[in-house]
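Good morning. I will go through one protein model, and I will give each term its cut-offs when it comes up.

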Amino acid sequence: MPLAGTSGIPGLRRRSVVAAVAVAAGATALGACSVPAPRRAGPVADPAPGMAIASTRRAQLMQILAHPDDDLYFMNPDTQRMLAAGVPLVCVYVTAGEHDGKNRIPGDWDVEADKSGYSSARHQGLRQAYASLLGLDRFTDWTKGVASLNGEHRAEINTLTNGSRRVELIFLNLPMHTSRRYMALPSLWRDRALGLNTVISADSPLRRTVSYDHDELIDVLVGLMEQYRPTVIQTLDPDPDIQHSDEATRKRDSEQRGYSDHADHTAVACFSWAAMVRWVAEATEDGGEVPGFVATSFRGYYNRHWPKNLPPAVLQEKAASLVPYGGDPDWQCGNPAGCGDYNVGGTRPLKNKKGWVRSTHYRYPGARPAVAAEPSGGLVAYGVLGLRAVRWRETRPGSGRWGNPDDLGGGPLAPTLGSATLGDGRQLLFALRFAALDGRGGPNRREVVLLEQRSPGGEFKAWEGLGNPERDDDRGRRIGVPVAIASPDGRVHLFVRNADQGISTRVRDRDGRWDRWRDLGGSEIQDGLSTVVDGAGRVHVFGAGRDTVHHWTQDTMGLPLTFRPGGDLPAPGDPLAPLPTADGGIELLYRRPTGAAVLAVRPGGAPARPRKEGFDGYGHLSAAAAPGGPVLLGKDTRGRVQLRYDRRLLTRTQGTAPLDSPALHLRESGSPTAVGMGADAHPWLWSPEGATAAG
């Protein structure tokens, strides 16, 4: 199946500019009618390989949020870890966060509606939170100004520095609701005939509203990306899980009908991904370089529905940033409109039954980059840069240094690749591709794609589409990161979490032919599947359920996998790390919900007797079997990369700030090497045995 971008130009439609109420400086809501421009037919994503890739070692983090506080609830502790490491941060808040205008004070719910004031109070809360994260007094003065954006748009910008550390807050201030009480951003994503006037926050240097339509919002985001040249872009979840709740529960949880997230989160994430796609397409249209950035998307209200994955020390640190954001009405912060989002202050985030603050989940989990050994003995890393697959090679075997990235194309791709090594040493790379992301009634489609190496260590064939296990585009958006494993019989097993939160699979036979997608049934699991082959050659796949570990395997090598119910293993908080054991069995290593220590258990019919491995930390865990006992790689409770090897616990303390989930590789000598992505969008390599810490 060839991969190509498409665009279309529909017939013209009448445009109505639906304005939100703007209440500062005497501004009023305005409505107008005009003829819209045709759907934009600009450059589209080109999946062909071989493009030049821009490179910089200057890290810059950009995060794009729907509301003030989305970063604090859903992207921390990642954001605060990078900020503490000196990575400059720019936050783009798309809505004004004005909601109904009521800054509710606990114990005094009868407050007057003031949308301009509530928006300003939430902005003040962000200033307090980020001043604290910069190590300054929460009431430190920020520099306020007006940023000129693409298309003659303007936005308030607040800037604060502490030494070399810098935070910029950009408030686009689109409304949360239209004048007819429709949700504004979801409507703007769907309808190209809609325009929205911004909200003017109290105490803002802006005095006039501006209007946005669908394309203008994307263009403004593209302009900010081009201006700041971020090496890391953090977004919300563009494709949240299907979630069917009764109406009372849905409203209480602030979720959109049928899905496990706020509708604004989904719309802003879609705009963010559309902007990244357009940025790359425009940058490369006339032979220019691919912008060198990595993307990370975070789950939102998903946190409410699954076990909590942050241990107490990490949770306390994350929740602490919400205290100055929530503020208090008795504080003297110097902002007449308010000193924070009062209903979020104090200990309330930890007491909130929705539990959003108690987890941090990635939409596309898994180790990145994928690492393998080449015939030369050197390492090769495969990742996603500028939404395109790339390959980095070690400059020479054992050097611990990477050459420049080779563009393998395929974009736009989700950030995490799956991989499998064939018996002859050739690599298969699997990716989740944004096959269409049009909005305005256009297609919004995902597909699994494959890149196959022609010869060991050599070049690759053309990208091949493997379709989607779901039959319609909406359900197809919910699938997870592809995970694959080669079995001793020459077959390759490909797995994805499907829209029903179970597992679907395709199998490639020895001749390279793929069978159809098949649903393996079983129970609901989180994304982040784990695979392993046991001593008998049987393939196993494990998933983290709500109450226990779920397991699929073969009766005999070569037979289809089936679900194995009846397990009584302790519930995991995150994906598992399976290991083959010397006796031909399987051992699982993982952390329990809210737990810091790693457990080791055996799956199967016998009662589980977990063994504590220690290795306190949080997040993704990698493991490999070694003569001296399991090698473990992950993060400690301070977010530092740590490695347990040969009964030693080692911590990476130098190099660029690491991103989410590094990969573990054992060289032929048996010595471990950790490879991860840094905040500068370059891979780093850490080999404690050889005292190598490149990147």
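Which residue in β17 is the bridge partner of Thr421? The bridge partner of Thr421 in β17 is Gln427. Before going further, note that this is a predicted model, in which local features need pLDDT of at least 70, side-chain atom pairs count only at pLDDT 80 or more, and totals for chains, interfaces and linings use all residues. Residues are numbered from 1 along each chain as its sequence is written, and side-chain values use heavy atoms, with hydrogens and water left out.

Now the terms for strands. Helices (H or I, at least four residues) and strands (E, at least two) are DSSP runs, numbered from the N terminus. Two strands pair if DSSP finds at least two bridges between them. In general, strands of a sheet pair through backbone hydrogen bonds, either parallel or antiparallel.

Back to β17, which covers residues 427-437. Eleven of its eleven residues are buried, where buried means under 20% relative accessible area, exposed means over 50%, and partly exposed is in between, with a 1.4 Å probe and protein chains only. On one side, β17 pairs with β16 (residues 418-421) in the antiparallel sense, over four bridges. The hairpin of these two strands has five residues between them, and Gly425 there takes a positive phi near 95 degrees.

β17 also runs antiparallel to β18 (residues 444-452), and nine bridges join the two. One of the partner pairs is Ala431 with Val449 in β18. In this hairpin there are six residues between the strands, and Gly439 has a positive phi near 65 degrees.

Next, an open sheet. Four strands form it in the order β24-β25-β26-β27, with antiparallel pairing. The edges are β24 and β27 (562-563), each with a single partner strand, so one side of each is left without a neighbour in the sheet. Inside the order, β25 (residues 539-544) and β26 (residues 549-553) pair over five bridges, in the antiparallel sense. There, His540 stands opposite Thr553 in β26.

Now the spaces. On a 1 Å grid over the protein atoms alone, a cavity is a set of points where a 1.4 Å probe fits but cannot get out; a pocket is an open set with protein on both sides within 12 Å along at least five of seven lines; and lining residues have an atom within 4 Å of a point. Grid points are joined across faces, edges and corners, and a volume is the space filled by probe spheres set on the points.

The second largest pocket holds about 1300 Å³ of space. It is lined by 43 residues, and the closest to its centre are Ser419, Ala484, Thr531, Ala623 and Leu664. Several strands give two or more residues to this lining, among them β16, β24 and β32 (618-624). The largest share, five residues, comes from β32. By class, the lining has 30 nonpolar, twelve polar and one charged residues. For these classes, Ala, Val, Leu, Ile, Met, Phe, Trp, Tyr, Cys and Pro count as nonpolar, Asp, Glu, Lys and Arg as charged, and the others, Gly among them, as polar.

As for cavities, the structure holds ten of 30 Å³ or more. The second largest cavity has a volume of about 230 Å³. Of its 20 lining residues, Asn309, Thr360, His361, Tyr362 and Asp574 are the closest to the centre. β32 gives the most to this lining too, with three residues. The classes here are six nonpolar, eight polar and six charged residues.

Last, the rings. Rings of Phe, Tyr and Trp (its six-membered ring) pair if their centres lie within 6.5 Å; planes under 30 degrees apart count as stacked, over 60 as edge-to-face and the rest as tilted. The structure holds 16 aromatic pairs. One of them is Tyr301 with Trp356, which is stacked, at 4.2 Å centre to centre and 5 degrees between the planes. Tyr301 counts as buried because its relative accessibility is 6%, and Trp356 counts as buried at 12%.

Arg546 lies over the face of Trp306, at 3.8 Å from the ring centre.

Key
Lys NZ or Arg CZ within 6 Å of the ring centre and 35° of its normal.
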